[in-house]
Amino acid sequence: MKFILTATVLSTAAAFAPAPTARQSTSIAAEKEMSKALPFVPRPKLLDGTLPGDVGFDPFGFGGADKESLMNMREAELKHSRLAMLAAVGWPLAELFDKKIAGFFGLEPALTSTGASPSVLNGGDYVAGDCGFDPLGLMPTDKEGKMAMQTKEIKHGRLAMMAILGYVVQEALYRAPVTAETPIFFNPVF
């Protein structure tokens, strides 16, 4: 925990450090291309913008040292993103309907005693993530369309992962279901 806090403080402090005044040659400047996500940090070598959603964000070097390890991490990111997108919808739905559905089938509810969803804190041509499952035919066939769709997917997945983290932290802090703490999002207005 101390490491994370220290890293956060140092990276935040670096944002306010004065910019160097000496001019650099174009060859050095090209080697030190800055990240779009963190403009005060050099872009990692492997993150050159060719992958959908790549804005040069890898401050801890999780992408690895070579293209193969980067693709393995991209595969993991996509899988986690997809699960998080499903969970971002499923978490509050479970809290709203689990007791009713379980009661209908004569089962015990799967929620915690407070009504919260169980979580860690409370009880080649191969494209990374392409499992060949597209029954609705949503994936475009042209290269630009595929890149745009994959970028949308990874961005939505990242947002969904942050949403799930928010659910976990909120329920850990308030010891109440997400649906009870933010009823405006989960109760019908009619």
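Reader: What is the mean pLDDT of the protein?
Author: The mean is 81, and 81% of the residues reach 70 or more. pLDDT is the predictor's confidence in each residue, from 0 to 100.

Reader: Where does pLDDT stay under 50?
Author: Over residues 12–30, and for that stretch the model has three contacts beyond four places in sequence. Contact means heavy atoms within 4.5 Å. Where pLDDT is low, the predicted coordinates should not be read in detail.

Reader: Thanks. How many helices and strands are there?
Author: Six helices and zero strands. Both are DSSP runs numbered from the N terminus: helices are H or I with at least four residues, strands are E with at least two.

Reader: And how much of the protein is buried?
Author: Buried residues make up 24% of the 190 residues. Buried means under 20% relative accessible area, exposed over 50%, and partly exposed in between, with a 1.4 Å probe and protein chains only.

Reader: Let's turn to helix 4. Why does its end-to-end distance fit its length?
Author: Its 32 residues, 143–174, should span 46 Å at 1.5 Å a residue, and the end C-alpha atoms are 46 Å apart, so the two agree. The expected span is 1.5 Å times one less than the number of residues.

Reader: What do its buried residues pack against?
Author: They pack against helix 3 (67–104) and helix 5 (178–181). Among those buried residues are Ile 154, Ala 160, Ile 164, Tyr 167 and Val 168.

Reader: Which residues form the largest nonpolar core?
Author: Nine of them: Ala 84, Ala 88, Trp 91, Ala 160, Ile 164, Tyr 167, Val 168, Val 178 and Phe 186. Helix 3 and helix 4 are the elements that give two or more residues to this core, and the largest share, four residues, comes from helix 4. A nonpolar core is a set of buried Ala, Val, Leu, Ile, Met, Phe, Trp, Tyr and Cys residues joined through side-chain atoms within 4.5 Å.

Reader: Nice. What does Ala 88 touch?
Author: Leaving aside neighbours within four places in sequence, Ala 88 is in contact with Ala 160, Ala 163, Ile 164 and Tyr 167.

Reader: Switching to Arg 74: buried or exposed?
Author: Arg 74 counts as buried because its relative accessibility is 9%. Arg 74 lies in helix 3.

Reader: What lies 2.9 Å from a polar atom of its side chain?
Author: The backbone oxygen of Pro 52. Beyond four places in sequence, Arg 74 also has contacts that include Leu 51, Ala 128, Ile 154 and Arg 158.

Reader: One more arginine: where is Arg 175?
Author: Arg 175 is in the loop between helix 4 and helix 5. Although Arg 175 is not a glycine, its phi is positive, about 50°. Arg 175 counts as exposed, since its relative accessibility is 57%.

Reader: And Gly 166, how far is it from Val 178?
Author: They are 12 residues apart in sequence and 9.3 Å apart in space, C-alpha to C-alpha. Gly 166 lies in helix 4 and is partly exposed, with a relative accessible area of 34%.

Note on methods
Residues are numbered from 1 along each chain as its sequence is written. This is a predicted model: local features need pLDDT of at least 70, side-chain atom pairs count only at pLDDT 80 or more; totals for chains, interfaces and linings use all residues. Side-chain values use heavy atoms; hydrogens and water are left out. A polar contact is a pair of N or O atoms within 3.5 Å; within protein, one must be able to donate a hydrogen and the other to accept it, and residues adjacent in sequence count only if both atoms are side-chain atoms.
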